Amino acid sequence: MNTQDINRRIRLIMDLRNKGITDTAVLGAMERVPRDKFVPSSVRDQAWEDMALPIGRGQTISQPYVVASMTAALKISDMDKILEIGTGCGYQTAVLARLCRRVYTIERHKPLLNRAEKKFEELKIRNVTAIAADGMKGWPKINGIDQAPFDKIIVTAAAREKPPQALIDQLKPGGMMIIPVGPSGDQMLKLYKKESDEAYSARDVFPVRFVPLLPDIASDDEAA
Ligand code: SAH
């Protein structure tokens, strides 16, 4: 890493601190995960700015401030098993992977998933399991093995009205889920806590702009 690179990283972390992110484990993880390796080369210059960037297929990598806020809200422990919906370029996954035991991540665009998996390999991130599927249905049973329930769930695409029931079902009692909810232009980031098998509480975090959660695996020619 050259000096300019180190300075850019430090500047972003200071920027996040100034914006109110105080969780040092989250800040440390974001200083170490090379965001520039996850974005397309056309926008690599902006990788260490606090902004969302395009990653192909009409999708975006979230703004670092949003990644930091969502990650911090989940109060992750190194024993946690986390489900992520919306792998995208894999950046948020990589941040989570530094903080928890294992991340299970689902993406509906196969080309994005393949690229993300290559990054995990390159960066020797080994505690991630990634599949192409419809994350609104939760993590599927694979070869007869269930991974649910999860300690934490993070959804990085917006549900139109409420979190998919399958995701609430796959959350452990005491577990937390962070998810943007609302139609395009009027979304709120929400933190759900599953108090028991039947009861959960929810609180608003802040307004956000995410791409929508869409059903089914994307076809190769889906409009980007
Ligand atoms: N966390 C990502 C952000 C990606 S944008 C990153 O750091 O890059 C949201 C992603 O959610 C998109 O890649 C989109 O294809 C995906 N997505 C939308 N609906 C989905 C669904 N039902 N299942 C899985 N992924 C979905």
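Tutor: The ligand sits in the largest pocket. A pocket here is an open set of points on a 1 Å grid over the protein atoms alone, with protein on both sides within 12 Å along at least five of seven lines. A molecule sits in a pocket if more than half of its atoms lie within 2 Å of the pocket's grid points. The model is predicted, so local features need pLDDT of at least 70 and side-chain atom pairs count only at pLDDT 80 or more, while totals for chains, interfaces and linings use all residues. Residues are numbered from 1 along each chain as its sequence is written, and side-chain values use heavy atoms, with hydrogens and water left out.

The shell around the ligand is the place to start. It holds 26 residues, and the closest are Cys 89, Glu 107, Asp 134, Gly 135 and Leu 214; a residue counts as near if one of its heavy atoms lies within 4 Å of the molecule. By class, 14 of the shell residues are nonpolar, nine are polar and three are charged. In this scheme Ala, Val, Leu, Ile, Met, Phe, Trp, Tyr, Cys and Pro are nonpolar, Asp, Glu, Lys and Arg are charged, and the others, Gly among them, are polar.

Next come the polar contacts, meaning pairs of N or O atoms within 3.5 Å; within protein, one atom must be able to donate a hydrogen and the other to accept it, and residues adjacent in sequence count only if both atoms are side-chain atoms. The side chain of Glu 107 has an N or O atom 2.6 Å from an oxygen atom of the ligand. A polar backbone atom of Cys 89 is 3.1 Å from a ligand oxygen atom. At Arg 108, a polar backbone atom is 3.3 Å from a nitrogen atom of the ligand. On its own the ligand has 580 Å² of accessible area, and the protein covers 99% of that area; such areas come from the Shrake-Rupley method with a 1.4 Å probe.

Strand E2 (59–61), helix H5 (91–99) and strand E4 (102–107) each supply at least two residues of the shell. The largest share, three residues, comes from E2.

In E2, Gln 59 is buried at 18% relative accessible area. Buried means under 20%, exposed over 50% and partly exposed in between, with a 1.4 Å probe and protein chains only. A polar atom of the Gln 59 side chain lies 3.1 Å from the backbone oxygen of Arg 57.

H5 is largely enclosed by the rest of the structure, because eight of its nine residues are buried. Among the buried residues are Tyr 91, Thr 93, Val 95 and Leu 99. The C-alpha atoms of Cys 100 and Lys 152 are 9.9 Å apart, although 52 residues separate them in sequence.

Back at the ligand, Leu 214 is one of the closest residues. Leu 214 belongs to the segment after strand E9 and is partly exposed, with a relative accessible area of 33%. In that segment, too, is Asp 216, which is partly exposed at 43% relative accessibility. Its phi is near 65°, a positive value in a residue other than glycine.

Arg 126 is in the loop between helix H6 (110–122) and strand E5 (128–132), and at 60% relative accessibility it is exposed. From Arg 126 to Ala 97 of H5, the C-alpha separation is 8.4 Å.

Most residues other than glycine have a negative phi, and most peptide bonds are trans.

Note on methods
On a 1 Å grid over the protein atoms alone, a cavity is a set of points where a 1.4 Å probe fits but cannot get out, and a pocket is an open set with protein on both sides within 12 Å along at least five of seven lines; lining residues have an atom within 4 Å of a point. Helices (H or I, at least four residues) and strands (E, at least two) are DSSP runs, numbered from the N terminus.
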